[in-house]
Amino acid sequence: MVKAKPTDAPLVIVRPDLMKAVERWRRHLAQERRLAANTVEAYARDVDQFLRFLTGHLGEPPKLADLADMRVVDIRAFLAARRNGGAGSRTVARGIAGVRSLVRFLERDGTATGAPFRAVRPPAQKRSLPRPLPPEAASKVVSLDQALDEEPWIAARNTAIFALLYGGGLRISEALALRRSEAPRNAHDALRVTGKGGKQRIVPVLPAISAAIAHYLRLCPYTPGPDSPLFLGTRGGPLNPRMVQRAMEKLRSALNLPDTATPHALRHSFATHILASGGDLRGIQELLGHASLSTTQVYTEVDTDRLMAAFTAAHPRA
C-alpha cells in the first residue's frame, strides 16, 4: 500500500492502481473538461471521502477492482455514513457527484461500472432560494465611497468591485480575474468575462460602473502593467477574495443589513431586480453565464415570493 499524493489533492491511503486512476481522472477534469480549479478540488474532496470510507468498509485500502465490484448496498452504506456524520442532504448529494464523475471516467476503459451508482438516488433536498438585497440596500452598498475607516483608494476599489457584482452580475472570482487592460474606458463599454468552466460571456458596463472603476484607478497608488490584476491588494499584489468579503461584512454593520448580505447576494440582487423590472429570463441567463435556463429560473420563484409578501402585507383581506 502507498499514500496517494496527487500534487494538490488531499492525502488518502489507496492501492497504486487506484491512485493512478484517480490522478488520470483529475487531469481529465482540469485539462480536457476544463473545469474550474475550485470544482476539481471539490470533486477530489468527494472522492477522498469515499475512498476513506471504503478503507474502513472493506477493512483494507481499496484497489481499482474494488470500484468494479461496488454494489448498491455499499453505496447506500456510504451515504448513511455521511448522514450519520452530520452531513446534510445537500452535502451528501453533492458528495456523491464527484464519485460518480470518477466512475463514469473509469467506465470508458472498462475498469469500473456506474450502474450501482446510477441505481442509488441521492437524498432529496430542499431547494434554497437566493436571498437578494432590497433595491435600496443594494444601491447604498455600491454608492458608498470613503464612508468607512479605510484609505480612499481602498474604499474606491471596494465600491468598484461591488458595482461590478450588482451592476453586472459578476461573481467575485470573475471580477478579481479582470486584467488592468480590460478596465472599461467609456461609459458604454462591455466586458468579456470568463466564468465557470472557461465559458465566456459579454457583459454590458453601465456608466456608473465605468465611473466607479475610473475613480478607483485614479486613486490607486500602484501602476502595474496591462496584464496585472485590475483590483489590487494593499501591497500591490492580487486581491484576496476574503478581503472583499470582509469589506462587505463592514458594510453590513454600517448599514444594518442581515447576514445574508454577502458579495454573492449582490449577483442575486442583479438578477432579481432585472426580472422584477420586466427583464427577459433568457437574457438574464446570458448575463449571468448560466449553462442551463433551469438554473436561472430560480429567480422567478424569488420574485413570486416577493409579490406574495407584498400582497399579504397590503391586501385588506389577506
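**Exercise 1. Determine the handedness of the H8–H10 crossing, and how the two helices run relative to each other.**

Solution. The crossing of H8 and H10 is left-handed (the near helix is turned anticlockwise from the far one by less than a right angle). This is a predicted model, where local features need pLDDT of at least 70, side-chain atom pairs count only at pLDDT 80 or more, and totals for chains, interfaces and linings use all residues. Residues are numbered from 1 along each chain as its sequence is written, and side-chain values use heavy atoms, without hydrogens or water.

Take the geometry next. H8 (residues 152–168) and H10 (residues 207–219) pack at about 155°, their axes 8 Å apart. Therefore H8 is roughly antiparallel to H10 (angles over 145 degrees).

Then list the contact (heavy atoms within 4.5 Å). H8 contributes residues including Trp153, Ala160 and Leu164. H10 contributes, among them, Ile213, His215 and Tyr216.

**Exercise 2. Find the members of the largest nonpolar core that touch the most other members.**

Solution. A nonpolar core is a set of buried (under 20% relative accessible area, 1.4 Å probe, protein chains only) Ala, Val, Leu, Ile, Met, Phe, Trp, Tyr and Cys residues joined through side-chain atoms within 4.5 Å. The largest has 50 residues; Phe162, Leu164, Tyr216 and Phe231 touch the most other members. Helix H8 gives the most to this core, ten residues.

**Exercise 3. Locate the buried residues of H13 around its axis.**

Solution. H13 spans residues 281–288; its buried residues are Leu281, Ile284, Gln285 and Leu288. They cover an arc of only 105°, so they lie on the same side of H13. Just after H13, glycine 289 takes a positive phi of about 80°.

Definitions and conventions. Helices (H or I, at least four residues) and strands (E, at least two) are DSSP runs, numbered from the N terminus. The arc is that of the directions from the helix axis to the C-beta atoms. Axes are lines fitted to C-alpha atoms, for helices over the stretch in contact, and angles run from 0 to 180 degrees between N-to-C directions. Angles under 35 degrees count as roughly parallel, over 145 as roughly antiparallel, 65 to 115 as roughly perpendicular and the rest as oblique.
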